[in-house]
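Here are my notes on the model, as numbered points. Please read them alongside the coordinates.

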Amino acid sequence: MEYKFLDENGTFCMDRPENNSDFYFPIAAENGIKSAVTPNWGGDSKWDQNHFLLEPVSVENLHNNRSSRNFWCQVKGIGNWSVTGVSAEANAAKFTDCQEESQMEAGYMWQTTRRSSKKYQLQSEVTMFAPEVDEDFSMEVMQVKVTNIGRICAFLTPVAAVPIYGRSADNIRDHRHVTSLLHRISTMDCGVEVTPTMSFDERGHQENYTTYFVCGVTGEGGKPKRFYPTLREFIGEGGNLERPRALIEKKEGHPAGASFTGEAFGGIKFEEICLEPGETASYTIFLGICKGSGTREEKKEKIAKIIEKYKTEKLVEEAFLKTKEKWKNQVNVHYHTGEETFDQFLNWVSFQPILRRIYGCSFLPHHDYGKGGRGWRDLWQDCLALLIMSPTQVRKMLLDNFGGVRIDGTNATIIGEKQGEFVADRNNITRVWMDHGVWPLLTTNLYLEQTGDFSILEEKVPYFKDKQIVRGTKTDEEWKEGETWQQTKNGEIYYGSVLEHLLIQHLTAFYEVGEHNEILLRGADWNDALDMASKRGESVAYTNAYAGNLKSLASIIRYEAKRTGKKQLLLWEEIERLLEDNKELYESVSDKKKCLDSYLEQGCHFISGKRKEFDAEDVATGLEHKADWMMEHIRKTEWVTDAKGNGWFNGYYDDHGRMVEGKMEQGVRMMLTSQVFSIMAGTATDEQVRAITKSADTYLFEKEIGGYRLNTDFKEVKMDLGRMFGFAYGEKENGAVFSHMAVMYANALYQRGFVEEGYKALKALEEQAMNPSVSHIYPGIPEYFNSDGKGLYHYLTGAASWYMLTVITQMFGVRGEKGALKIAPKLKKEQFDAKNEAKITLPFGGKNWEICLKNQFGAEYGTYQIKKAVWNQTECQLDGAESFLLTKEEIEQAPQNNVIEIWLS
């Protein structure tokens, strides 16, 4: 089992993909239908949690044929052939290789399968995509082509067969039958529509205005002959979707203009045709949702009107080409190294952040949790990729996202449907993830470097307000539903600068420490499954991250003061107690708590809103002192070793206040996350980084399953640390190769100059992912690989953004430096092609750049430097330089398309 790539844009094909149980592919519109499609056209399709066109599926029932999009050919004198391979006959012969052959071809947001049958002497080609229509109308388009590969004329009657679920995902068990009684079904000239009378879901009983439909036309625009509008009638008593009695018994079906109730079904019967040898017949099936406030009749008219625009084979193919081009253009970063497989892998990794923007963290078979949307971390980490691919969108996105920060330094965890929309915690659940303050600065810092737009720090943004106060430990009894923003005592919304938001997030975390003077774990950190140590648990791992961020903040403040000449920072006056620079205070857990409590008391309901000027240099120095103290404290207290002298950092304390990592009675315990942020922040010295990599290779690395596991086997269910230890070892957060943290480990190593070690982590992930006989996934990076090496939770993972970022800014070394374009490559010798060249194309500063690295003597990283750079045929001599820099001014004056050649010597 392997892929074969067909072009430079990730298009691939695979033989007999249905023989893999868990393959599925994402197909969606920018704003509308979100689908999951298997090789046999199973999966589901939905607009959002409350509007599922096809029955919701999880990976464990992905093969439930109730959700399959099927198309039958009733072949006279022989039987009924499923062109998608979903029939009792096809399943019986699935592994025999004697009756049918199949192949799948796919690219960004489209899939084509081809199937041939020896018995029926027919060949099919089915293509699916989702064109953009309008904000209230979205649909899948399936073009079906059937060819006679036999020697005699074939008489066949085509029948599309698609079950219509047409309701909320909540109804999969909650009132499944009752909600089918709400269905009002009618047959139209071109298909079947169902408009439920009302909806039953978590919103209550509401009148329904949404219409679901399955329609079809011939390749010439001809209408269907008859319809099977209900599931019960199509399968018949004792039948099923793999052996429907309506086909076996050749039932005539119903004409257009009829009405029905019950479980809806998109059964569309076309006229019988005589297909000559070599002749092809074409049909187009439309599966969609029509929302909005119009009447049912108006929606039926809209459906017919839109389908008219796609009614011929030619019109469908034109729409298909337009859709393909649209998605191809969105992936505007291209890679060329000495290994084609790696380049193609990067193409799909670069597409994944786009998928996450559309799907959120839900709506694909493994992602069977949540109700759409993204979490707090997702908002910020998805921006990392956007800063490379579509930087013009990011400024407003960042400002809107900062509106989710509370005045106590915590943040909203439920994100609304619209950008910048936040809602109070669902079901009165109060939860604080201690790492949430880390991500906004990581993303903002990248924005500052890529764009040079430091003025964003002075932009004023409100603070989110709900009933959660005092960092989630108390409830504001004065708060009223609908009060979204923090107000002053005068009843005015308070706006603080972006810089103020960042300071509050980091300073409140600095003071919220446990008995070992590390920041409290609270509900969890990045690893949500460390969720059972809310009282005494501490996260040393993210204490490192906050320390590194405090140093970054200090650097940002100094640079901005120098850039603007402003020596004062205008901040909310209550922040003063958090800015105190006192080593004795830092050493005392109790004094830190008193300081934090004193600050938090000022933001329980209203705040003063008064501002005060602070000396910028004093603030920066204080932040640095805090960071230095944190790092030194960790170096002194958290370094652990085994019997052989291998060393690494402890990253956690459990709810009994016990150190989690090190040499224990149960064996050696080590967690990758603990090492990542000690390296990335700069806590670990170079000597300690070398020791950590050796220990990680000893205890965590397994090449056969993708590289670095998230942790060693603790051999117990640690009820005092997190639910992850209840998972089987090697699954998800408990010891799987968790791509996100493995990539961040590589990123940290590259930043510190440990290129060989960082490349090892990235390469192991790529090789595992691109070995489908073991990983059992299509190209791209999954959330994790289990102990069998299988990839799970594909497509919607923050690992994609971090992988892209690491390859571009570290491996190729193409990155912003306060708006300037810096090129400082860290490619290994083996990554250059046969001509000793490597290339990347990407947008930067509103211009397009092709950057070609020429390693003319085949030198290894660490032995080459930049000899010269040629920018648009103008040469710059740079003998012995480690980097090449174009200033922001030069970029602004540059033409739209640019070529830079970097000669390494």
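Notes on strands and cysteines

1. Four strands form an open sheet, an arrangement of 4 strands in the order β3-β4-β5-β6 with antiparallel pairing. The edge positions belong to β3 (25-28) and β6 (51-52), each of which has a single partner strand, so one side of each lacks a neighbour in the sheet. Strands here are DSSP E runs of at least two residues and helices are H or I runs of at least four, numbered from the N terminus; two strands count as paired if DSSP finds at least two bridges between them.

2. This is a predicted model, in which local features need pLDDT of at least 70 and side-chain atom pairs count only at pLDDT 80 or more, while totals for chains, interfaces and linings use all residues. Residues are numbered from 1 along each chain as its sequence is written, and side-chain values use heavy atoms, with hydrogens and water left out.

3. Within that sheet, strand β4 (residues 34-37) runs antiparallel to strand β5 (residues 43-48), and 4 bridges join them. S35 has S45 in β5 as its bridge partner. Helix α7 (residues 340-359) lies across β3 and β4, at about 55° to β3. That angle is taken between N-to-C directions on a 0 to 180 degrees scale, with axes fitted to C-alpha atoms, for helices over the stretch in contact; contact means heavy atoms within 4.5 Å.

4. Strand β14 (residues 184-187) pairs in the antiparallel sense with strand β20 (residues 259-261) over 3 bridges. β14 also pairs in the antiparallel sense with strand β15 (residues 191-194), again over 3 bridges, and a hairpin of 3 residues joins β14 to β15. S186 takes part on both sides: its bridge partner in β20 is S259, and in β15 S186 stands opposite E193.

5. How many disulfides does the structure hold? There is 1 disulfide, a term that requires two cysteine sulfur atoms within 2.5 Å. C153 and C274 form it, with their sulfur atoms 1.9 Å apart. The pair links distant parts of the chain, 121 residues apart: C153 is in the loop between β12 (137-148) and β13 (154-163), and C274 is in strand β22 (residues 273-275).

6. C153 is partly exposed at 25% relative accessibility, and C274 is partly exposed at 32%. The classes are buried under 20% relative accessible area, exposed over 50% and partly exposed in between, with a 1.4 Å probe and protein chains only.

7. C361 is in no disulfide, and the nearest cysteine sulfur, that of C383, is 13 Å away. C361 is buried, at 14% relative accessible area. C595 is also buried, at 10%; its sulfur lies 15 Å from the closest cysteine sulfur, in C604, which is too far for a bond.
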